[in-house]
Amino acid sequence: MMKAYSYVIEHDLGFAPNPFHGVCTLACCKPQIRKTAAVGDYVLGLGAARPKLGGHLCYWMRVDEILTFDRYWEDVRFRRKRPNMRATTYLRYGDNIYHRRNGEGPFLQEYSFHSLPGGALSQTNLQRDTGTSEKVLLSRTFAYFGAKGVPLPPELKAFEIRGPGHKNRFTPEQVSALLAWLETLPGKGFV
């Protein structure tokens with residue numbers, strides 16, 4: 001049975017989610033969603049109270065594919081999702097940052113938004129991102145609104161969440177109403 005997950009995006013920089021290069025990916029943060037989501041599920045990122053985006057949809061994605069960190073790193077389709085910290089903002093926030101040498105041993109963390117200054121390993125981010133799930137969620141069926149966030153209609157307030165964590169206990173009727181509403185929104189991809 002298809003599920004929907006909603007959560008608040010603490011800070012939206014284009015890292016988690018990463019909506020660039022035609023594929024929306026969730027490879028960092030939200031380990032419990034990444035651990036339990038399945039192909040066909042929907043993930044909703046709602047805005048934080050600051051900058052006054054509470055109750056606004058910043059992005060949605062249907063999970064079309066799931067890879068492990070190692071497969072994501074090695075897959076030539078996602079090389080552009082590797083961060084380049086000397087490039088434009090668009091390229092600095094790549095989320096393809098975790099892999100192991102030859103698929104074995106501890107995870108390596110590439111110089112990225114989740115590193116410490118200068119590219120040093122952030123053990124805290126490494127543990128949170130890789131400690132409970134090796135899954136990367138990928139979507140070609142998504143819309144990213146960012147700071148333009150679209151207000152949730154009153155009939156979908158059940159999906160609203162404030163603070164950390166996520167929600168995923170919605171009735172089939174609530175999920176059907178959500179999907180019907182998503183179909184009415186403008187654009188697909190990076191809007």
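Visitor: Why is Glu 65 called buried?
Guide: Glu 65 has 18% relative accessibility. Buried means under 20% relative accessible area, exposed means over 50%, and partly exposed lies in between (1.4 Å probe, protein chains only). At 18%, Glu 65 therefore counts as buried. This is a predicted model, where local features need pLDDT of at least 70, side-chain atom pairs count only at pLDDT 80 or more, and totals for chains, interfaces and linings use all residues. Residues are numbered from 1 along each chain as its sequence is written, and side-chain values use heavy atoms, with hydrogens and water left out.

Visitor: What makes Glu 65 and Arg 77 a salt bridge?
Guide: Their side chains meet at 2.8 Å, N to O. A salt bridge is a side-chain nitrogen of Lys or Arg within 4 Å of a carboxyl oxygen of Asp or Glu, so the pair qualifies. Glu 65 lies in strand β5 and Arg 77 in the loop between α2 and α3 (89-92), so the pair ties together parts 12 residues apart in sequence. Helices (H or I, at least four residues) and strands (E, at least two) are DSSP runs, numbered from the N terminus.

Visitor: Is Arg 77 buried or partly exposed, and why?
Guide: Arg 77 stands at 44% relative accessibility, so the term is partly exposed.

Visitor: Which salt bridge does Arg 77 form with Asp 75, and at what distance?
Guide: The closest N and O atoms of Arg 77 and Asp 75 are 2.7 Å apart. Asp 75 has 15% relative accessibility, so this residue counts as buried.

Visitor: What makes Lys 157 and Glu 160 a salt bridge?
Guide: The N to O distance is 3.5 Å. Lys 157, with 40% relative accessible area, is partly exposed. Glu 160, with 16%, is buried.

Visitor: Which residues do shared partners join into one network?
Guide: Glu 65, Asp 75, Arg 77 and Arg 140. By the salt-bridge rule the count comes to 9.

Visitor: How do you know that side chains alternate along β5?
Guide: In β5 (residues 65-68), Glu 65 and Leu 67 point to one face and are buried.

Visitor: Why are β5 and β8 called paired?
Guide: Two strands pair if DSSP finds at least two bridges between them. β5 and β8 have 4 bridges, in the antiparallel sense, so they pair. Glu 65 stands opposite Leu 138 in β8.
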